[in-house]
Amino acid sequence: MESNTNLYKVYIGLNDQLTKKQEISTEKALIDVSEYLANNFEGATAYNAIGIYKHENGEIVRENSIVIELVFVSEEDVMKMINQFRVVFNQESVMKVVIPC
């Protein structure tokens, strides 16, 4: 596994991209995320948050979200996780922030 000294912060909204509402409970989503992290990484942090953003049409959206923090992982593994969760939670996109440590 290629390691680096970046902190990856991944933000996953829980509103379904088609229905525009939350289809999976926050508790179930956090359990699913925790299970994936435990099986694929040496360690991670995951917690609930409220995501707030504005659609192109001006509508302000607030949604339950999960934030994941990872260090000492490869970019490839982070992208694999993001792609997995984008499908699992039916997301249009998942935000990734890379912070050099």
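**Sheet, helices and nonpolar core**

In this predicted model, 6 bridges join the antiparallel strands β1 and β4; strands are DSSP E runs of at least two residues and helices are H or I runs of at least four, both numbered from the N terminus. Within this pairing, Leu-7 stands opposite Ile-99 of β4. Residue numbers start from 1 along each chain as its sequence is written, and side-chain values rest on heavy atoms, without hydrogens and water. Local features need pLDDT of at least 70 and side-chain atom pairs count only at pLDDT 80 or more, whereas totals for chains, interfaces and linings use all residues.

The 4 strands form an open sheet in the order β2-β3-β1-β4, with antiparallel pairing (at least two DSSP bridges between two strands). From one strand to the next, the twist averages 30 degrees (angles run from 0 to 180 degrees between N-to-C directions, with axes fitted to C-alpha atoms, for helices over the stretch in contact).

Helix α1 packs on this sheet, where α1 touches β2 and β3 and makes about 20 degrees with the direction of β3; contact means heavy atoms within 4.5 Å. Helix α2 lies across β1, β3 and β4, at about 5 degrees to β1.

The largest nonpolar core has 19 residues, among which Val-10, Ile-68, Leu-70, Met-81 and Phe-85 touch the most other members. Such a core joins buried Ala, Val, Leu, Ile, Met, Phe, Trp, Tyr and Cys residues through side-chain atoms within 4.5 Å, buried being under 20% relative accessible area with a 1.4 Å probe and protein chains only. Two or more core residues come from each of β1 (6–13), α1 (26–40), β3 (60–71) and α2 (75–88). Beyond four places away in sequence, the contacts of Leu-70 include Leu-7, Leu-37, Val-78 and Met-81.

Note on methods: Buried < 20%, exposed > 50% of the residue type's maximum accessible area, 1.4 Å probe, protein only.
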